[in-house]
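Here are my notes on this one, jotted down while going through the coordinates. Have the structure open as you read.

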Amino acid sequence: MKLRILGAAVLALLLASVSVGPVQAAERPTVRLSKSQAGTGGSVTVTGGGWRAKALLMILICGQSVPERGVPGGTNSCANADGRAVTTDAKGRFSRKLPVAEPPVPCPCVVHVATVTGAKAEADAIFQVAGHAVEPLPAETSGGRLSVLTDTRLDGSGGLLTWFGAPPARTLVFTVGNVGTSAVKNPLFQVGTSHGVFAPQWEEQQWRGTIEPGKKARVELPVELPGGAHGDYTVSLKYGGKVLAEQPWGVGRPWGVTLFWVLVCLVVPAALFRAAMAVIDRARPRRPGRPSRAAARLRMPELTLRLPGAHSGPAEQPPPSSTLPWFTPDSDPGAAGRLSAPHDDSPTTPTRKGPT
């Protein structure tokens with residue numbers, strides 16, 4: 001009875017190892033090349049498996065790299081202009097022809113495949129670019145190693161100037177710990193910003209300070225986008241050639257710029273119309289003795305201040321008489337008759353009363 005139970009347990013363990021082993025192997029991304037060497041102008045077919053289904057991948061030829069160390073210089077050591085993108089199928093497989101181009105740094109070289117969006121995954125395969133310079137790899141630094149202990153976040157907010165197209169700026173905040181055996185002094189980080197499916201644009205930023213073995217530190221690094229940037233961005237943090245963290249950043253549209261152009265489209269035509277009307281008014285012929293509309297518009301009405309008992313203007317003239325201009329008041333017979341009492345102009349003789 002005990003032997004049966006023991007045999008059943010062993011069989012179950014064997015079945016579990018057989019069923020789990022292929023799944024774990026399938027989850028590990030792999031890259032294979034149709035040939036290990038080619039010259040500039042040629043091409044190589046890159047195939048892979050074990051990737052996430054329907055994942056967008058970027059294929060590049062990178063220098064100063066080996067599969068054991070990855071790509072220490074990041075995509076700056078790769079032939080980015082000649083890279084190719086590919087999407088995996090439902091089973092996580094792909095096949096893509098890649099043109100051979102010389103990377104900006106000497107070989108040893110690899111064909112580097114990495115995910116563009118979603119969870120980070122990458123794989124490398126050794127490749128030799130025929131005719132390209134080959135130099136020894138730089139010495140690998142040992143001792144202190146940094147690891148991100150907390151989730152990254154972006155502190156800060158936009159202001160009025162950002163609403164009118166100023167460059168959006170934030171502060172990338174995270175906590176790192178030294179998991180190595182020696183102190184890390186003034187670590188040099190790389191902060192990259194990417195928009196959509198484009199590769200990040202990396203910028204080196206040095207943090208001033210020393211992190212002892214087993215200690216941690218809070219790091220703050222400034223991040224800035226170009227002026228007028230808007231949409232969905234991703235901020236990546238890299239140290240020692242490895243991406244440590246990524247943080248999404250949604251940037252709003254600068255509506256102030258749109259409002260400015262709307263006002264320009266309304267004000268400029270109105271100003272041009274007024275200027276054209278003024279030119280037309282000055283150019284057209286005027287009637288004699290009639291001022292132009294511009295002169296009449298500029299003429300200010302006269303204001304008279306009237307105070308009681310004060311005369312600011314000329315004295316009021318009496319109303320004109322009804323006499324004709326060639327008559328004077330003294331020679332006007334009508335006026336003389338009105339001014340004197342009636343009398344008899346005939347000669348008078350004294351009369352005597354008495355008997356005749």
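1. Helix H3 is the biggest contributor to the nonpolar patch, giving 6 residues. Keep in mind that this is a predicted model.

2. The patch itself sits on the surface and is formed by Leu160, Trp163, Phe164, Trp255, Leu259, Val262, Leu263, Leu266 and Val267. Together these residues have about 920 Å² of accessible area. Two elements give two or more residues each: helix H2 (160-163) and helix H3 (255-283).

3. What is the order of its strands? You'll find 4 strands in an open sheet, running E14-E13-E17-E18, with antiparallel pairing. At the edges are strand E14 (201-206) and strand E18 (242-251), each of which pairs on one side only. From one strand to the next, the twist averages 25°.

4. Zooming in on one pair, strand E13 (residues 188-195) is joined to E14 by 6 bridges, and the two run antiparallel. If you want a specific contact to look up, Thr193 has Gln201 in E14 as its bridge partner.

Note on methods:
Residues numbered from 1 in each chain as written. Predicted model: local features only at pLDDT ≥ 70, side-chain atom pairs only at ≥ 80, totals over all residues. Heavy atoms only, no water. Patch = residues over 30% accessible without salt bridge, like charges linked within 9 Å, V, L, I, M, F, W, Y side chains within 5 Å. Areas by Shrake-Rupley, 256 points an atom, 1.4 Å probe, with all protein chains shown as cover. Salt bridge = Lys/Arg side-chain N within 4 Å of Asp/Glu carboxyl O. Pairing = 2+ DSSP bridges. Axes fitted to C-alpha atoms, helices over the stretch in contact; angles between N-to-C directions.
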